[in-house]
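Have the model open while you read.

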Amino acid sequence: MFSYKNGIRSMQGLFLSVCIVISSYLHTCISLRMRSCVLRPVQGDTTKYKVYLTSSRASGEFRCADGTHFNQKKCLCVWPPRNKTATATFPTRPRPTTEPINRPINTRPLDPIRPINTKPLDPIRPLLPGEQKPGYRPFESTTIGPCFTSPDADRNYFSQYIHGYGTVRRRCPIGTLYNDRECGCIDLAPVTSIYCRPEINLDYDSKPIKDNGGTHIPIGNNGHVDSVAKAGRFNGIGQLTIWLYSNIDFGQKLTISFRFYDFPGGPDEQVLVSNCKDHHLGAVEIALAPRNKEVIFRADTVSSGPAEIRLPYKDKAWKNVTYVYDGTALRAKVDDEEQAVSMKGHLDTRSGGFEIGMCNRRGYVGYIDDLKIHRCVNIDYVIGNGKGPLRPYDARDSYLDIRGP
């Protein structure tokens, strides 16, 4: 028991010694801080202090934190002592002086709701196929989308960025001018006497195969298309690509003409010309159905949507094909067979270029020759059922079968 008390006294003595040492150290630090304080009070304002700035060689004033005052002895901003003479410097909000309303308010009762005189509704009947409700308007967004083209010094052209090729100068459809505000070739050009010439002319007379339309537009070849007897030979995996027509606006005028000679083999549907991409059909497409011996003409416009025409063809012979879109109808012709379907609006755009001979694995087997692409309506190719050239915007004097899509 005696030794336990002695141990307690020894611990108390050790603790007291430590406290004395710490107190001496703090007193020394505070004294040094006071002697080395570089902060000075601001005359007449205890909420600020100043310090000499060596960078500007002048004293700058600084404000203490809200509610504190500068203390020269402690060389810092401290809270004021809690006494009756001390006043707070931070803003205060007065307490409410009136009792809050927690009693019901006397109000007069509301007038009864009167029924509104309305006419009885018409009996509901089911809509017929293709019929729309009176006054129906399809949803139209009022948000203007971003413009991916830019104007050119010549309004017949515009600039467009194409991934992998940079900014490319492109021509508006013949007869139109670029409108910067509307971000498209929608303005009508002045009437001119320019003849509708082909922009692409592939006669397959040269090796390697190249464009002979006068503008020397690059033509891509995957290595499986050959020029044989002045015609392009396609073996089911051969493909030519016209990159110029990727993401292009054909407007409301397009003419495509060529001839072909097919051979047995290949899939049930084979692409002759198309701007299809991945698993999507082209907005402009001419394909072959060899089992049914039909040529398929397809068009997709912004206003009318997709449409299709199928025309028969003769086997074991060269077939002449014509594809015309003039803003009022898609017109198709294979030798003496011709047909049209009414359409309107601009042809829709596709991100892929024109593919010749194959697109999304629909490879063609046979020959193609004299391929011409006009970005206008060439009256030499407009269909008129053997009665001579048909005026591009007047089908009244022809025997065309104009049907809805």
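A word on exposure: buried means under 20% relative accessible area, exposed means over 50%, and partly exposed is in between, with a 1.4 Å probe and protein chains only. At 28% relative accessibility, Asn360 therefore counts as partly exposed.

Some housekeeping: this is a predicted model, where local features need pLDDT of at least 70, side-chain atom pairs count only at pLDDT 80 or more, and totals for chains, interfaces and linings use all residues. Residues are numbered from 1 along each chain as its sequence is written, and side-chain values use heavy atoms, with hydrogens and water left out.

Most residues other than glycine have a negative phi, and most peptide bonds are trans.

| Residue | Phi | Loop between |
|---|---|---|
| Lys293 | about 55° | E18 (284–289) and E19 (294–301) |

Pro208 sits in the loop between E11 (200–202) and E12 (220–221).

Now the sheet. Two strands pair if DSSP finds at least two bridges between them. Seven strands form an open sheet with antiparallel pairing, in the order E12-E15-E24-E17-E18-E19-E20. E12 and E20 (305–312) are at the edges with a single partner strand each, so one side of each has no neighbour in the sheet. Further in, E15 (240–242) and E24 pair antiparallel over three bridges, and Ile242 stands opposite Phe354 in E24.

Terms used: Helices (H or I, at least four residues) and strands (E, at least two) are DSSP runs, numbered from the N terminus.
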